[in-house]
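Here is a short tour of pockets and charged pairs. Have the model open as you read along.

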Amino acid sequence: MSFAQTLMNGTDFDHTQLNALQKMVLRAVVMSFIFFGLLTIEGMIMRLVVTGPSNPLPEMFSHAPHYFSIMTVHPIVGIFGSTYQLVFAAFMFLVPYLTKKPLYSVKLGNAVWILITVGTWLAWIAAFVWQYAPLYTLYWPLPADTQQFQTIGGIVFIIGVALIMIGTLGFIYNIYATIFARTGVHKNKTTKELLISGFGIDGMLNLWYKLTGKPPYSKEPALALPVVAIFRGTVDTFLDAIVILGAGILVLVYLLADAGGLSWDVHTVDALLYKNFFWWGLDLVADGLVLIYVAGSWYLLATLITGQKLFMENVARAALMLELLVSWMVWSHHLLADQPQPEMMKLVSGEMVTAFELLTQGLALFITLVTLWKARPLKMTPPLAYLLGGLIGFGLAVPAAIIQADMGMNRVLHNTQWISFAHFHIALIVGLYMTLYSALYVLWPLVTNNTTMWSKKLTWAHFWLYLIGGVGMGAFAGMAGLDGMLRRHLYVHGEFHTWMVLAAICGSMILVAWALFLFNIVMSVGIKGLIGIFLPAQNKTASYGIEEEPEPAPETVPAQQ
C-alpha cells in the first residue's frame, strides 16, 4: 500500500466494526490529544518568551496581558481538556471491561467529552480574545476583578469551567452506575459488599485477620483492585468538581452583578477562607485523584504486562484507602508561606499529613516494581517502557514536592519555578502522561479491534524524545527556580537565559514527540477512519468482549393427571 493510500485508509482500521463504546472512547482520546498539542504550543510560547529579547516570537507574545492569559488557561487546557478526557475515556472503557458489565450509558459518555471539549474551548477563547488572566490560582478577589479584566471575558471563562465540571459529574455518575449495577459478575452482590470493596475495607480486614490468625475476610473481593482505585479516585473527582463549580458560581454571581450595573463589595468574601476552600478542592486533583488513579493504573498495567498476580494486593487495597483519607487533609501545604494561615493548620495538614503521601505513593511504586521484578524475564515493549517512564516521573516529582512540605523550605522554594517544573510539570508530563501512554498502548488492540500500529520506530522515537524532553525541561526550569526565578512572573530581559534556553530545547522535544505520535496514530487509522470515529456507530453495544447471557428457559409445569 502506498503512503497516500495508507494516509487515507490506515493500516487495517475499520471504523464500521467499532461498537458504540469503542467509538465514544476514541472520540475523547482524539480530543485529548488535540488539546495536548495546543497545551504544548502554549508552553513553548511561554518558554521562548522568557528566554529574553532574542526570542523569535512576535512582540505581541511578550506583552504581560497576553502572557498571563496563556498562563491562566494553560492548566485548564492541560488538566481538564487533555488529561481529564484521556483518563475518563480510559476508565469508561476499563470499568465495563474489568467488571464484565456494559457501561451504564454511552450517550452520557458522549455528553461528557462534548461538555469538557466545549468548556475548555470557551475558557481558551476567554483568555485569547478578552485576555482574561487572573492566573491559574483564581485567588479571590482577582477572578471577580472587573477593573483589570473585561466582565464578558470572565463570564465566558467561568461558564467554560462550569461546563467542564458538569461533564465531570456526568462521568462520575456513569462510573458509579456501572459499578453498582447488579448484572454480570455482580448479579448476586449487595450494595454493601460493593461499597466495602470499593473503599478497600475488605483489604484492611484481610490484613487484620491475617495478623490475628483468622481466615481471610474475603478471598475474592467484589471489585478488582484497578476498579477499587477508579472508585476511590472518583470520590475525590466528585469533591473537586463540587468545590470548583461552587467557586465558579460565586465568581459568576459577582460578574453578572457587575454586568447588570451593580457594584458588590468583593471584601464581603473572606479571601483566606476562599483560598482554603479553593485549594482543598483543587488539591484533590493532584494529591487525591491523580495519585489514586495513577496507582491503580500502575497495578493494572503491571498485572496485564506480566500476567502475574499483584504483589501485596491486600496492602495495595489498604494503601489506596489511606491515600483517600490523606488526600482530604493535605491542602494546606499550598498555604505554608501564607502569613494569615493558622500555624497549627500548617503544621498538621501542611507538614505532617502531607508526609504520608511519600509513604503511600512510594508504596505503590514499590509494589509495582516488585510485581515487574518477580515476572522476569520481560521483553521491553512500549507499554512496559512507558510504565517505567511513569514510575520515573513520580519518583522524581513526589520527593521534589515533599522537600517543600516544610515551613522553612517552603518560604524559599514554593513561589519559584522549582515547584512549577521540578514538581508538577514532571509529575504531569512525565509521571501521569507516560502512565497514560502505557495504558493507551495496552488498550489499543482492544479499542481498535487489533489495528496494526503503522510504525514501531516512531513509537520508540516518541518515547525517548518525550522522556528526555519532559525530565529535561522540568530539571532545567527547576534549576532556574533554585537560582531565584519566580513563578507567575514575566521575565523579558533574559535574566535566566541559559536555563530557559535549555528548558525551551527540551520543551521543543516534547512538541516534536507529540507530532510524531499523532502522525503515527493518523497513519494507523487513516484520515477516513479518523472521520469515521465521529460517525454514529452501527453496533450500539456498550461493552467489550462480554458474551450476552442466554435467557433462562421457562420452567415447564407438569400436566395434571
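## A charged network

Is arginine 317 buried or exposed? With 2% relative accessibility, arginine 317 counts as buried (buried is under 20% relative accessible area, exposed over 50%, partly exposed in between, with a 1.4 Å probe and protein chains only). Lysine 309, by contrast, is exposed at 64%.

This is a predicted model, in which local features need pLDDT of at least 70, side-chain atom pairs count only at pLDDT 80 or more, and totals for chains, interfaces and linings use all residues. Residues are numbered from 1 along each chain as its sequence is written, and side-chain values use heavy atoms, leaving out hydrogens and water.

Lys309, Glu313 and Arg317 are linked in a network of salt bridges (a side-chain nitrogen of Lys or Arg within 4 Å of a carboxyl oxygen of Asp or Glu). The closest N and O atoms are 3.1 Å apart for lysine 309 with glutamate 313, and the N to O distance is 3.2 Å for arginine 317 with glutamate 313.

## A buried pair

Another salt bridge joins aspartate 338 and lysine 275 at 2.6 Å, N to O. Both aspartate 338 and lysine 275 are buried.

## Lining by class

In the lining of the largest pocket there are 17 nonpolar, six polar and eight charged residues. The lining of the second largest pocket has 22 nonpolar, one polar and no charged residues. Here Ala, Val, Leu, Ile, Met, Phe, Trp, Tyr, Cys and Pro count as nonpolar, Asp, Glu, Lys and Arg as charged, and the others, Gly among them, as polar.
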